[in-house]
Amino acid sequence: MAQAEKGSHDSTGGKLEWLAELREEALHAGSEKSVARQREAGKLLARERAERLCDPGSFVELDRFVRHRESNFGMLERRPYGDAVVTGYGTVFGRKVFVFSQDFTVFGGSLSEVFAEKICKVMDLALKYGCPVIGINDSGGARIQEGVVSLAGYAEIFWRNVQSSGVIPQISLVMGPCAGGAVYSPAMTDFVLMVEGSSYMFITGPDVVKTVTGEEVSFEELGGAMTHASKSGVAHLTAASEEAALEDARYLLSFLPQSNRHPGPFDPPADPVDREAPELDELIPDEATRPYDMKKVIGAVVDDGEFLELQPLYAENIVTGFARLGGYSVGIVGNQPKALAGVLDIASSEKAARFVRTCDAFNIPIVTFVDVPGFLPGTAQEWGGIIRHGAKLLYAYCEATVPKLTVITRKAYGGAYDVMSSKHVRADFNFAWPTAEVAVMGPEGAVNIIFRHELEQADDPEARRAELIADYKERFANPYTAAERGYVDEVIEPRQTRPMLISALQTASTKSERRPPRKHGNIPL
């Protein structure tokens with residue numbers, strides 16, 4: 001570089017040589033020691049992550065020669081090119097995306113003024129051109145030497161997260177530490193992916209927790225991938241390695257449109273659209289209280305049985321994820337009888353509500369499989385605000401204007417029937433299996449309430465209860481009473497679910513629904 005500074009690059013050849021030197025220096029911005037530590041931890045470098053995320057050879061780097069300001073306190077002697085983040089654009093399955101990848105080998109990936117400016121630039125470009133933006137997070141937090149300027153940089157990123165919300169897909173991959181204010185940017189994106197054993201998210205670290213509360217907790221227990229996948233619900237997907245996480249992000253993108261101005265992606269199906277699934281005819285147990293796996297229903301119906309489940313370890317009593325039906329990308333929501341009998345509680349209501357709103361924002365039709373006995377009773381749920389949280393799911397379904405298709409497989413009781421994409425919240429097509437029960441509550445509970453006095457006076461209360469329950473089941477515990485009133489469009493054989501849903505989806509694909517003009521609704525957060 002000394003030779004270049006003396007002017008030897010005045011000729012064209014010299015200028016090209018100088019450019020090559022600058023590029024080489026930018027490629028090795030991190031010290032050998034910090035790069036070695038990254039390698040020893042089994043982690044990829046920032047530029048490698050961006051390149052692996054994108055299609056081979058498609059990543060184009062921007063702002064390679066940006067450097068932090070000379071006014072930085074105590075950092076005049078080291079001003080690496082590119083600072084501590086790699087930014088640019090590329091393609092994923094041939095579709096344009098913008099990417100930023102934080103570089104832990106340069107100042108611990110700490111955020112500076114120019115670091116934030118680089119990220120803001122690609123976020124602005126993604127919004128302008130209507131493309132997804134993927135952020136790869138691996139940072140020690142704000143750069144202390146820059147003081148409040150680094151905090152301002154975070155706020156600029158947060159503001160753009162909100163402006164992009166519901167306009168372009170935003171995906172966050174956490175591939176290292178993400179602490180303090182830095183966690184709020186991933187939290188405001190649409191999807192968060194984490195790597196098991198090497199990524200962490202928390203507001204305050206274990207040392208601060210111990211000082212303030214006296215609790216002793218490890219990094220992994222406090223904010224590791226499995227913690228956020230199973231307890232907090234922050235992580236949508238986890239992977240055993242960085243390479244697997246990057247592949248998951250690519251697969252997830254395949255279900256999402258470029259922006260809210262585009263329809264969901266279509267992929268011509270190899271799976272016949274008229275394929276029946278005879279195994280579904282025998283899936284529902286004869287005993288109403290016996291569980292079954294709703295994922296088997298989903299797998300039998302969707303194209304090639306491929307279902308990308310999101311948050312699979314969190315609020316397991318409801319299933320959410322993406323699949324394809326007849327080639328169309330669809331969002332799947334289903335009660336899971338294997339967990340808490342499929343009831344709705346605080347966590348499952350929030351999980352499903354967030355997913356429904358995400359699908360609606362990006363023009364992805366919603367298919368709902370219903371087997372719900374109601375909302376979970378108890379003081380913990382009531383005091384925790386099940387009324388408010390359950391209302392989020394109701395609000396989300398009422399608000400959604402994308403095609404909404406519903407299949408009632410077994411129970412649809414009480415207010416939970418209304419909430420789970422019923423005809424009354426403007427679902428487009430509602431189907432029911434012959435095993436469906438649409439009622440205010442289960443037969444046993446209904447009989448005990450309605451005929452309480454009669455049962456108290458009966459000579460043989462148990463025999464009379466059995467008669468009344470049988471009568472109630474015949475009259476109400478079936479889909480036909482609802483079908484008589486048009487609340488169910490058709491009672492179908494379970495094996496016909498796939499072709500019926502695809503036909504309905506094709507019919508509803510031209511749906512257009514106007515809503516009252518307003519700034520925005522006031523969802524019960």
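**Cysteines and an open sheet**

Visitor: How far is the sulfur of Cys398 from the closest cysteine sulfur?

Guide: The closest cysteine sulfur to that of Cys398 belongs to Cys359, and it is too far for a bond, because a disulfide is a pair of cysteine sulfur atoms within 2.5 Å. This is a predicted model, in which local features need pLDDT of at least 70 and side-chain atom pairs count only at pLDDT 80 or more, while totals for chains, interfaces and linings use all residues. Residues are numbered from 1 along each chain as its sequence is written, and side-chain values use heavy atoms, with hydrogens and water left out. The separation for Cys398 is 16 Å.

Visitor: Is Cys54 buried or exposed?

Guide: The disulfide count is zero, and for Cys54 the nearest cysteine sulfur, that of Cys131, is 12 Å away. Relative accessible area under 20% means buried, over 50% exposed, and in between partly exposed (1.4 Å probe, protein chains only). With 3% relative accessibility, Cys54 is therefore buried.

Visitor: Which strands stand at the edges of the sheet?

Guide: Strands are DSSP runs (E, at least two residues) numbered from the N terminus, and two of them pair if DSSP finds at least two bridges between them. The open sheet has seven strands with mixed pairing, in the order β1-β2-β3-β4-β5-β7-β9. Each edge strand has a single partner, so one side of it is left without a neighbour in the sheet, and these strands are β1 (60–62) and β9 (237–239).

Note on methods:
Helix = DSSP H or I, 4+ residues; strand = E, 2+ residues; numbered from the N terminus.
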